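Me: I'd like to learn how to read pockets and ligand sites in a model. Could you take me through one?
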Amino acid sequence: MKSYTKEEWEKICRHCGKCCLIKLEDEDTGDVYYTDVVCRYFDEETMSCTVYDKRCELVPTCLKLSPENVDKLSWMPQTCAYRELFEKNPSAIKTTIKGRVISETEVKVDELEDHIIDWEDL
Ligand code: SF4
Ligand code: SF4
């Protein structure tokens with residue numbers, strides 16, 4: 001992958017919010033399921049993270065994407081701009097999570113399974 005400045009790398013993100021959806025992993029199979037529940041720090045108005053500089057401290061599962069690890073994140077949404085770039089597989093899907101999600105502050109942990117989604121545009 002070619003090299004990017006920090007600014008160039010950040011600009012690739014299209015702020016769809018899909019990577020900020022809460023995911024459930026099947027411990028037996030390793031399969032990852034997306035839910036329509038979004039991280040408590042995601043602001044749907046601005047479609048951005050409210051704790052961006054501290055995100056990895058506050059949410060340990062929140063990974064910082066970089067050119068070095070983008071190839072290992074098979075659980076990223078199919079339509080993530082970084083994934084498409086890495087897989088050289090651009091799609092026309094530019095949808096976001098806006099208006100389609102609920103904050104994790106409003107959902108109990110044992111209810112998460114009820115929120116599993118099967119969006120075709122994920
Ligand atoms: S901490 Fe920020 S970037 Fe990480 S999942 Fe939550 S909203 Fe998204
Ligand atoms: S899924 Fe990819 S393009 Fe969408 S907000 Fe996350 S990093 Fe950006």
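Me: Which element gives the most to the lining of the largest pocket?

Reply: S1 does, with five residues. Before we go on, this is a predicted model, in which local features need pLDDT of at least 70 and side-chain atom pairs count only at pLDDT 80 or more, while totals for chains, interfaces and linings use all residues. Residues are numbered from 1 along each chain as its sequence is written, chains are lettered from A and ligands numbered from 1 in the order in which they are written, and side-chain values use heavy atoms, with hydrogens and water left out.

Me: What counts as a pocket?

Reply: The general idea is that rolling a probe the size of a water molecule over the atoms shows where empty space is left. On a 1 Å grid over the protein atoms alone, a cavity is a set of points where a 1.4 Å probe fits but cannot get out, whereas a pocket is an open set with protein on both sides within 12 Å along at least five of seven lines. Lining residues have an atom within 4 Å of a point. Volume is the space filled by probe spheres set on the points, which are joined across faces, edges and corners. Here the largest pocket has a volume of about 1,000 Å³.

Me: How many residues line the largest pocket, and which lie nearest its centre?

Reply: The lining has 38 residues, and Cys19, Cys20, Lys23, Cys62 and Leu63 lie nearest the centre. At least two lining residues come from each of helix H1 (6-12), strand S1 (21-25), strand S4 (48-49) and helix H3 (81-87). Those labels are DSSP runs numbered from the N terminus: helices are H or I with at least four residues, strands are E with at least two.

Me: How does that lining divide by class?

Reply: Sort the residues first: Ala, Val, Leu, Ile, Met, Phe, Trp, Tyr, Cys and Pro count as nonpolar, Asp, Glu, Lys and Arg as charged, and the others, Gly among them, as polar. In the largest pocket that gives 26 nonpolar, four polar and eight charged residues.

Me: What is the volume of the second largest pocket, and which element supplies the largest share of its lining?

Reply: Its volume is about 210 Å³, and H1 supplies the largest share of the lining, three residues. Among the lining residues are Tyr4, Trp9, Tyr52, Arg55 and Lys64. The classes here are five nonpolar, two polar and five charged.

Me: Where does ligand 1 sit, and which residues surround it?

Reply: A molecule sits in a pocket or cavity if more than half of its atoms lie within 2 Å of its grid points, and a residue is near a molecule if one of its heavy atoms lies within 4 Å of it. Ligand 1 takes space in the largest pocket. Around ligand 1 are Cys20, Cys39, Tyr41, Phe42, Cys49, Arg55, Val59 and Cys62. That shell has seven nonpolar, no polar and one charged residues.

Me: And which residues are around ligand 2?

Reply: They are Cys13, Arg14, His15, Cys16, Gly17, Cys19, Pro77, Cys80, Ala81 and Tyr82. By class, this shell has seven nonpolar, two polar and one charged residues. The space taken by ligand 2 is, again, the largest pocket.

Me: With those cysteines in view, how many disulfides does the count come to?

Reply: A disulfide is a pair of cysteine sulfur atoms within 2.5 Å. By this rule the count is zero.

Me: Is Cys39 buried or exposed?

Reply: Relative accessible area decides: buried means under 20%, exposed over 50%, and partly exposed in between, using a 1.4 Å probe and protein chains only. Cys39 is buried because its value is 13%. Cys80, at 8%, is buried too. Cys49, which lies in strand S4, has 26% and is therefore partly exposed.

Me: How far apart are Cys49 and His15?

Reply: They are 34 residues apart in sequence and 9.4 Å apart in space, C-alpha to C-alpha.
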